[in-house]
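Trainee: I am new to this structure. Can you show me how to read its features?

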Amino acid sequence: MVALPSRIRLEDRECPLSTTVEHVGEWWTLLILHDAFDGYTRFDQFQESLGISSSMLTTRLKTLVADGLLERRPYQTNPVRHEYVLTELGHSLRPVIVALAAWGNSRLTPAERSMILVNAHSGEEVEPVVVDAKTGRRLDDSDTYVFTAGPAASDAMRHRYATRPATPSEA
């Protein structure tokens, strides 16, 4: 596998956002995952759908397999050919992809949207939002919901959140 240089700053190595972006923040990776959620599993399907070069697709698929997001399985023996199937970890990224697409669509008029999320049974368009599982409240209010240092935080992480700027409602 080709080793790619790390884009994470040394001080961000413990930040879940930084480490997640290291795994799935690359343009092609998100598009490959999107295709996988739509049922694509084979190299040629991904390549045709995305118009990506063979070498780039090979690199991205190897990384997704190494990161545990896709599983490489043989589907043909002579010659041996493989498909790429979402793992449970890969499936768990679907809400992230849905939220990113919804954010993109929210900046467009309904007539400008080339892809929408619908209920598979009714065909009705749905509006994805991220909510707190306990309360059902939307998490887009940065005055109410803020990040803070967790139990495993380093001293640097604790310092970051102890000295964070006040939100408008705290000022």
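Predicted model: local features only at pLDDT ≥ 70, side-chain atom pairs only at ≥ 80, totals over all residues.

Trainee: How is a pair of aromatic rings described?

Mentor: By the distance of the centres and the angle of the planes. A search of the whole structure finds two such pairs. Trp27 and Trp28 form an edge-to-face pair, 6.3 Å centre to centre, with 80° between the planes. Tyr40 and Phe46 form a tilted pair, with centres 6.5 Å apart and planes at 35°.

Trainee: Is Phe46 buried or exposed?

Mentor: Phe46 is buried, because its relative accessible area is 0%, and buried means under 20%.

Trainee: Which charged end sits over the ring of Tyr75?

Mentor: That of Arg42, 3.7 Å from the ring centre.

Trainee: On to pockets. How much space lies in the largest pocket?

Mentor: About 970 Å³. Its lining has 28 residues, and Cys15, Pro16, Leu17, Phe147 and Tyr161 lie nearest the centre. Of the lining residues, 18 are nonpolar, five polar and five charged. Helix H1 gives the most, five residues.

Trainee: What is the volume of the second largest pocket?

Mentor: About 700 Å³. Helix H6 supplies the largest share of its lining, eleven residues. Nearest its centre are Val98, Ala99, Ala101, Ala102 and Pro128. The lining splits into 17 nonpolar, three polar and eight charged residues.

Conventions: Residues numbered from 1 in each chain as written. Heavy atoms only, no water. Phe/Tyr/Trp six-rings, centres within 6.5 Å; stacked < 30°, edge-to-face > 60°. Buried < 20%, exposed > 50% of the residue type's maximum accessible area, 1.4 Å probe, protein only. Lys NZ or Arg CZ within 6 Å of the ring centre and 35° of its normal. 1 Å grid on protein atoms, 1.4 Å probe; cavity = no way out; pocket = protein on both sides within 12 Å on 5 of 7 lines; lining within 4 Å. Points joined across faces, edges and corners; volume = space filled by probe spheres on them. Helix = DSSP H or I, 4+ residues; strand = E, 2+ residues; numbered from the N terminus. Nonpolar A, V, L, I, M, F, W, Y, C, P; charged D, E, K, R; others polar.
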